[in-house]
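Dear colleague,

Please find below the structure that I am handing over to you. My notes on what was found in it follow.

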Amino acid sequence: MNPLSRRKLLYTGTAAVAGATGLVTAARLAEKYGLIPPDHGGLYGTGETLSYACQRVLTANRPLREFPRSMISKQPFMNEISKLPDTFKASQAANFADWRLTVDGLVTHPLSLSIADLRALATRNQITEVACEEGWSYIAEWIGTPLSLVLREAGLKPEARYLAYFSIQPDWWESVDITEALHPGTLVTWAMNDGDLPVGFGGPLRLRVPRQLGYKSIKFLTRITATDSMKHFGKGLGSSSPEGGYAWYAGI
């Protein structure tokens with residue numbers, strides 16, 4: 001082996017050891033500061049932990065990336081929706097007058113809010129991009145009520161660490177940490193562009209989490225539960241997404 005090859009080998013080996021040591025150190029720091037995602041186990045657990053911890057440390061208060069009205073997509077992509085339950089169809093026939101958003105768990109005042117109740121709390125609009133992990137995206141104006149205001153009305157308890165939220169589609173549920181829940185850009189949306197939120201885009205209610213990939217913004221929102229642990233929800237991985245092979249934290 002020539003000196004150059006030996007030197008390169010030694011450098012590569014040292015870098016690998018240092019990299020592995022760095023990963024262990026970073027993982028220990030993440031654990032110390034409570035930055036361990038619910039899907040931290042398994043083959044990619046260390047990577048998921050480091051991704052989540054680094055983004056939380058560096059970008060926790062990062063503002064939204066918003067766009068001018070001229071960039072709103074003329075034909076936003078509407079992905080296929082699986083069959084909706086009969087209860088949804090009945091509510092749709094009543095123009096969603098009976099639709100309720102339940103807020104429970106670690107809150108002082110559990111809520112049952114109609115769409116009219118949400119509209120009366122506050123209104124915020126944002127022109128943001130929905131980015132899918134499969135490669136497509138579109139830009140739209142979303143109008144709704146900041147989730148932080150809904151949680152304030154419910155009296156969110158200080159021990160809450162996560163919000164689990166559920167669709168009328170029984171197999172679709174997600175969760176975010178409290179940092180994401182309280183970000184001013186996280187909205188309970190009930191309108192899009194020039195009218196009410198279309199069913200094809202999640203109407204009558206969709207939780208819009210614009211700083212994360214599209215699958216975190218679940219459609220047909222019915223319930224939000226504040227909790228201090230995700231261990232007792234589903235398989236304990238934080239949402240249905242990691243149960244299907246995706247990451248729990250989907251920061252863009």
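A search of the whole structure finds 15 aromatic pairs; rings of Phe, Tyr and Trp (its six-membered ring) pair if their centres lie within 6.5 Å, and planes under 30 degrees apart count as stacked, over 60 as edge-to-face and the rest as tilted. Y215 lies in the loop between β9 (206–208) and β10, and Y246 in the segment after α7 (240–243), so the pair ties together parts that are 31 residues apart in sequence. Y215 is buried, at 11% relative accessible area, whereas Y246 is partly exposed, at 39% (buried means under 20%, exposed over 50%, partly exposed in between, with a 1.4 Å probe and protein chains only).

Before I continue, please note that this is a predicted model, in which local features need pLDDT of at least 70 and side-chain atom pairs count only at pLDDT 80 or more, while totals for chains, interfaces and linings use all residues. Residues are numbered from 1 along each chain as its sequence is written, and side-chain values use heavy atoms, with hydrogens and water left out.

Ring pairs also link F77, W136, Y138, W142 and F201 into a cluster.

Five strands form an open sheet with mixed pairing, in the order β2-β1-β10-β5-β6; two strands pair if DSSP finds at least two bridges between them. At the edges are β2 (111–113) and β6 (173–177), each pairing on one side only. Strand β1 (residues 101–105) runs antiparallel to β2 and is joined to it by three bridges; the partner of V103 in β2 is L111. Helix α5 (residues 147–154) packs on the sheet and touches β1, β2, β5 (162–167) and β10 (221–227), where contact means heavy atoms within 4.5 Å.

Finally, A181 belongs to helix α6 (residues 178–181) and is buried, at 0% relative accessible area. Beyond its neighbours within four places in sequence, A181 contacts L147, S148, L151, L163, V176 and T186.

Yours sincerely

Technical notes
Helices (H or I, at least four residues) and strands (E, at least two) are DSSP runs, numbered from the N terminus. Axes are lines fitted to C-alpha atoms, for helices over the stretch in contact, and angles run from 0 to 180 degrees between N-to-C directions.
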